[in-house]
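Thank you all for coming.

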Amino acid sequence: MMNNGKIARKLSPDWSRFVRQYWVLAVIFTVLAVLVTYLMIKLFQSSNLLAEASRKSFSQETKTIASNLDGYFERLRSHVETLAKSKAIHAYYQNKALGMSLEYGLGVAVGEVRDEFERFQSAFLAKGRPISLQIVLFDSKEMRVVTQTQNLLTDKYAEYHEVVKNVQSFQNLPMFTVVTKDAGADAFAVMSVTYKGELKGYLLTRLDLQTIKAEIFTDESQTDHAFYVIVNSIGAVFVGQKKYLGKNIWRSFGINPESQGSFDVMEVTSKDPEDTGQSLIVSGGNIAGTPFRLLRIAPTLQYVPGPATHLWQKVFLSLVAIFIIMLLFIYRSLVAQFRTYRQLQEARDTLETRVTERTSQLAETNELLQREINARSRMEESLRNSEERYRDLFEQASDLIYTMDTKGRLTSVNEVIHPVLGYVPQEFLDSDFRSIIDPQSRPIDQTNFAALIMNDVDHVGPYELLAYSKDNVPVWLEVTSRSIRKNGKPVGIHCIARDITQKKKLEAAILDVQDKYQSVVESFEGLIHITSSNHEIQFANQRLVERTGYDPVGHKCYEAIHGLSEVCSWCSSREMNSEKKYQTELLSPRDERWYHEVSSPLKQQDGSLSRIFLMHDIDDRKRAEHERERVEQQLAQSQKMEAVGTLAGGIAHDFNNLLQVILGYSQLLLGVTSLKPNEYKNVERINIAARHGADLVKGLMAFSRKAVTMPVRLNLNEPVKELMELIQHTIPRMIRVEVSLGAEMPVINADPGQVKQIIMNLALNAADAMPDGGVLTIETRKIVVDDQFYKDNIGAKPGSYCILSVTDTGIGITEEALQHIFEPFYTTKAVGKGAGLGLSMVFGIVRQHGGFIIPRSEQGYGTTISIYLPVNEELPETTPEALPELDIPIGGTETILLVEDEAHVRELAADYLQELGYTILTASNGKNALDVFRQNRLRISLVLLDLIMPEMDGRNCLRELLKIDPKLRVVMVSGCASASALDDTIELGARGFVHKPYDLGSLLSTIRHVLDSP
Amino acid sequence: MSRMFLFIIINLLVGLGFADNSSADLAQIRESGVLRHLGVPYSNFVSGDGDGLDVDILKMYASDLGVRYQHVPTSWQTVVGDLSGKKFLLKGETVEIIGEVPIKGDIIGNGFTILPWRRELINFSIPYFPSAVWVLAASGSSLNPIKPGNDPAGDVALTKELLIGKHILGIKDTCLDPAFYDLKGATAQYREGLQLNDLPGAIMKGDYEITMQDAPDALLVLANNPGKIKVLGPITEHQFMAFGISKDSPELLESFDQFLTKLKDSGKLRELIVKYYPRILDYFPNAGN
C-alpha cells in the first residue's frame, strides 16, 4: 500500500507531462463538446414544447367526447329512476306485503311489472334501438329474479349475483356497473327498489353497448391504431375496440392504476403482443355520474410531433458514445505506463530486502554454533561425573545390579550377586543370566526383555522372578529393568534385583492364616461382626451381609443388624469399652427372633478397642420353651379346676342332704298355723337361708358338671333375644347394651335354662365391672376351630362351634386374677357382694355341654368372656320333662317304700308323707330296701329311691327291684346326679326323679303323678 | 157461428203452437233464424254492454249458423230453468224437480261453471275456459293467505281450515254460494240484490270480511285494485267453464262443440280470452288451447 501511494505521487509529473504535450488538442476538443451540448439542449426544449401542445390538443378532443357521454348517461339514469318508481313495481310489493303467493294472486302483479318493463323497452330508444337489452327486477332479500323482460341476446345471467354484489356497497344509486366476461363485458344501470322505506331489490337495466358506441363514436374516430374506449373503475374495457373488450387497459399499457384517475394525457409503451414496444399516447376523461372513463389511444408519433426529437436523440447519443470511446483510449495508455514503472520499483525493493535477510541469518547461525560448542564441553564434563557416581552406586548398592546386552548376556554385575545367588561376578559375565530363572518365571522375564529391547519400552517393573542360587536354593527376586539406549536405540538392559525370598515366605504364611480364619468365620452358622466402640461395623461375615441385604461395614450395628435408630437396650457403652467377654439372649426387633449373643474384646492394630460379636439364632428353642411353659400352665390350671370340681361335687352332695333336712322341716313348720308371727318369720328366714344354700350348692354342682341338664336343639340367638329385656331392666341405665347376633347360626345341644343362666351371669358380671357406665356387648357367631387353635387353647377341640361373647368396657382383670376367675368362691368383690360361684357355675355348665371358655382382658379397656359351644345337630336323647308342681299338696293312701341313707332326710320325708296319708316303709340302703320289698311286695305301690347310697347304690337297687317286679313304680331321688346318671335310671325303668334339696310339694306332686300314671 | 168456431180453433192451434215448451234444437234455430243467448251479466263474460267473452263467441257462432244473435237477460237463479224449462229445488248437491217453467233461450253462456247438479238438468259444451273458486278478503283483514304446497287439494284443505268460524259472503244457488263447498264451521252470508260482480266491492268497502270469486274474475279484481284485496286461497281445485245447452238439443250441442273446437284450433279462442282476461295465462297457461 505504501509503495502504491509512493508510486502514485511519483507518477503525477508524468500525467502533467502528458497534458503539456497534448493541451491544444484538449482545448479544441472541450470547446467542440460544449458547443454541441448547447445545441442539443436547445433542440430538445423546442421539441418538448411542440409535443406538449400536441398532447393538450389530443386531450381536449377526448374531453369533448366525454362530455357528450355525460348527457347520454344522465338521460339513461333518469329513465331508470322513473321505471324503478313505477306503479306496477309498487303494486307488486303491495300485494306481496299482503302475503299473497304467486300461485294465488301475486302473479297478477308480477305480470303487470313485466308488462311495464316491456313498455319501457319499447318507449326508450337510441338510434332506433332500445337502450336496454334487458330489464330485471331482482329481489335482494330472496336473491332471485322476480320478473324480467325477454333477453334479446343469447346469453343470460342466471342470478344476477355478480351485478348486484358490485353495487351493494354503494349508497348512491342509480349506479352504473360493468361485468366482464370472456372477450367482452356488459354494462348495467342499477337502481334500488324500496317499499315503505325498506330496500326490497334492484332494478337492473342491461345496456345496449352498441347503442352507446353508435351514439358516441363515428367511424372516423375509430381506427385500428387510434381509437376510443370506455373503461370502468378498474380499467376493464366494455365499449370500444374489439380486441380490448373485457381486458384491463391499464395492464395492457402498463399504466399504474392509481394514477389513472388523475392523468389527462400520458405516453405509454404498449405491452400488447401485436405491437409490443410501440409508443402510444393516452388521454382520458371522466364520464360524470358514472364510474366510467373515456380513453383515447393513438400512436405517439402520429399525434405528437417529434421527428427532430428522435434525430436529436440519435445524434446526441452518437456524440456521447464517441466521446466516451476517446476517453477510454486515453485512459488505457496512461494506465499501461503506470503499470510498467510500478513493476520496476517493486523489483528493486525485493532485492534489497533479500540481502538484509541473508546477512542476519548468517549471524544467527554463527551464534548457534558457538553455543553448541560450549554445551558439548559441559556435557562431557557432566558425563564423566555421572560415570563416577554410577560406578560407586553400582559397587556399593545392597541390591543386585546387572546389565545385559540385547542378546541377554550379562555385561556387568555387582558384587551382591554373591550373597544373593552364591556366584562371583566373573562366573556370570558374558553368560545368559536368564539361565538361572525358574521356568515358571521365564515368560514374564522374556516378555519384559522383549518389551525393552524391541518394543520401545523404557522401563518395566517391578516384577517378581524365581531364580535358583548356585546351591539350587530358590531365591525370589523383585526386578526393575530399564533399557540402555544409544542414539535412541536400545543397546542393552540395566536391571536392579532385590532378594524378596523372606518376604514371600511371610506372605504365604499370612495367606494360610487368612484362609483358615475365613473358613472358620464363614462356616459359623450365626452372625459375626466386628464393631468399634462407637458401634461402627468393621467386619461382617457373609451371613450378616445376607441378613442386612447390603455390606454393613461402616454402618452402625444397631441400625444394620436390628433396624434400630439408636443403641440397643441390651447393649451398654461400658460393655463396648470393656475388655471382658459378655453374653446375652436378645429378641431382635428387626425379625422378631431370639438370638444368643457372645461378644469379646478385639484390639486393633492402631490400638483402638473393637469387639467381635457372635450371634446365634435360638428363636426356635426359645419359642418352644415359651410354648411348653404356657401348656404346662394351662394343664396345671385345668387339673386344678378339675380337682376343685371334684371337691365341689363331693361337698355338694353332703350339703344337699343337710339342706334337705333344714328346708323340709322349715317348710313343715311354716305349715303350722299356731305359730306366732315372729316365730313364723324366723322359720321363714330359716327356709329362705336353706334355699340360698341350695342355690349355692347348685352352683357348685354346675361347676363340677354334676348339675342336671336337659339339652335340646337350640339356636344360641334365641335365649339371647329372650333375655334382652330382662338384662336391660336389671343392669344400671348408664350401661348401654349392644347385641350382635350371627346370621344362620347352626344348632347346638344345650339346656336353654342353663344357657340363660350363663348369659345372665356374664351380663351381671360385666355390669359390675362398669360402675361408672360403659357398653355391654353380647355377640353370637359361628366358628370352625382348627388344629392350631386347639394347640393354643387346652380344652379346645377342633370342630364347629357357636360362640357367645360378652364384652364390657370396664376396668379389666389383671393377668393374675384371670388365672383364678373360674375357681369356686374366687371373687374380687367385697364381702357380701357375691359368693364367687357365678363364673365357676358358668365354667361348669359350659364344660358339661362339651364346650370351653376363653377369657380375655386388658386393664383399663375391658374384658371379653367367650363361650364356645359345640355344634351338634344330632337329636338329644329323651330326658323326662320336669313335672308340673301342684299348688295344693295332695296325699294318698298308698304304701311307699322310702330308701334313703341319710337318717334325717329319711325321717323328714317319712313324717311328711305319713301326715298326708301315705303308709311309709323305710330302708337305709339298697340291700335293706330289697329285703323290705320282698317282704312287703304286694302292698308297696311306689319306691322312693335315693341314688347315692353305701353298700348298694340306687341304680343297682333299682335294677334288682325291677327284676322282682318289672312294673314297680320307682322314683329316683338325688342331690348331685348328672344327667347321664339320671338317664341311666330312666332307661332302667325309673318312672321319675326328684332333685335334692326338694320342695316337699314337688315331692308330693311327683309321687302322685307316678302313682296316677298307667 | 161456424166462423167464430173456426177462428177459435185456429187461434187455439196457433196458441198451441206458440205454447210448445220444448227447447229448440239446431234445425229449429236455423228455422227461427235467431240464436237466443241466455247470459247473466257477469265479469267480462257478459259485460252487460253488449260485449264480453261469451257474447263474442256466441255472436261468432250465430254468424257461423247464419242466424241472428239475440241476448236474453236472465239471472243466476233462473238461468238453468230458462234453458231446461224445469222448475227445481236444490238440496245440497241433489236436484228435485218440482214443476215447469217456460223456456226462454237456446244456450247459456256467462262464465258458466260445470257443476254436477247442473248436469242433471242440462248438457254442457266442451270446456273452453279454466277456472277455480278463490276466497278473497280485504287487505286489512287479519286473515293471512295460505302458503301453498305442491298439491291443489292440500291448498283447498288449508283454505277451508282458515275459514272455520268465519262468515263468507256469497250468492245463493250460484257457483259462488259458500253452502256448496262443504265449508265446515263457516257460515254463508247472503245479501238480497247482490250480484256476482258486486262481491269484491262489498268486502273492499268493509261491509263484509270474506267473499269468493271465480279465479279469472279475481285476477281482474286484483289487477284493478292493487293492495286493496287479497286472495286467501282456493276452495276448489281447477274447474272448467262451458256453455249450457238443453238436454233436448243434442244437434245444437254437437254443432256448437264443433264450432268451439274450430275456434280453439285457429287460436281465435285464445285471442279472445286474452283480450278479456289479459292475465289469465299467468295462471292458466293452456287457456284457450
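Predicted model: local features only at pLDDT ≥ 70, side-chain atom pairs only at ≥ 80, totals over all residues.

Chain A has 1014 residues, of which 31% count as buried, and its secondary structure comes to 28 helices and 34 strands. Chain B, for its part, has 289 residues, with 42% of them buried, and it holds eleven helices and 14 strands. If we take the contacts in chain A between residues at least 6 apart in sequence, 58% of them join residues at least 24 apart. For chain B, the share of contacts with a separation of 6 or more that involve residues 24 or more positions apart is 70%.

Let me now turn to a sheet in chain A. This is an open sheet of five strands, with the order β9-β8-β12-β11-β10 and antiparallel pairing. Which strands lie at its edges? They are β9, residues 237–239, and β10, residues 265–269, each of which pairs on one side only. Averaged over the sheet, and with direction ignored, neighbouring strands are turned by 40° against each other. Helix α2 of chain A packs on this sheet, where it touches β8, β10, β11 and β12, and the direction of the helix makes about 40° with that of β11(A).

If we look at one end of that order, strand β8 of chain A, which covers residues 227–231, is joined to β9(A) by two bridges, and the two strands run antiparallel. Within this pairing, A:V231 has A:V237 in β9(A) as its bridge partner.

A:V229 brings us to the largest nonpolar core, which has 143 residues, and in which A:V113, A:L203, A:V229, B:W134, B:L136 and B:L219 touch the most other members. As you can see from those names, residues of chain A and of chain B are both listed there. The element that gives the most to this core is helix α2 of chain A, residues 23–84, with eight residues. Apart from it lies another core, of 37 residues, among them A:A750, A:I813, A:V842 and A:F843. As general background, nonpolar side chains tend to be buried together in soluble globular proteins.

Strand β3, residues 132–139, and strand β4, residues 144–148, pair in the antiparallel sense over four bridges, and A:L137 has A:T147 in β4(A) as its bridge partner. There are four residues between the strands of this hairpin, and A:M143 takes a positive phi near 50°.

A:L897 is found in strand β30, residues 895–899, and it counts as buried because it has 24 C-beta neighbours inside 10 Å. Leaving aside neighbours within four places in sequence, the contacts of A:L897 include A:L921, A:V932, A:F933 and A:L944. The C-alpha atoms of A:L897 and A:L945 are 8.0 Å apart, although 48 residues separate the two along the chain. A:D931, by contrast, sits in helix α25, residues 926–935, and is exposed, since 10 other C-beta atoms lie within 10 Å.

Among the buried residues of α28(A) are A:L1000, A:L1003, A:I1007 and A:R1008.

Finally, how many residues does each chain bring to the contact between them? Chain B gives 18 residues and chain A gives 15 residues. On the side of chain B that touches chain A, the elements giving two or more residues are α8 (215–224), β12 (229–234) and α11 (280–283) of chain B, and β12(B) gives the most, with four residues. By class, this side of chain B has ten nonpolar, four polar and four charged residues.

Conventions: Residues numbered from 1 in each chain as written. Chains lettered and ligands numbered in written order. Contact = placed C-beta atoms within 7 Å. Nonpolar A, V, L, I, M, F, W, Y, C, P; charged D, E, K, R; others polar. Buried ≥ 20, exposed ≤ 12 C-beta atoms within 10 Å, placed from the backbone. Pairing = 2+ DSSP bridges. Core = buried A, V, L, I, M, F, W, Y, C linked by C-beta atoms within 7 Å. Axes fitted to C-alpha atoms, helices over the stretch in contact; angles between N-to-C directions.
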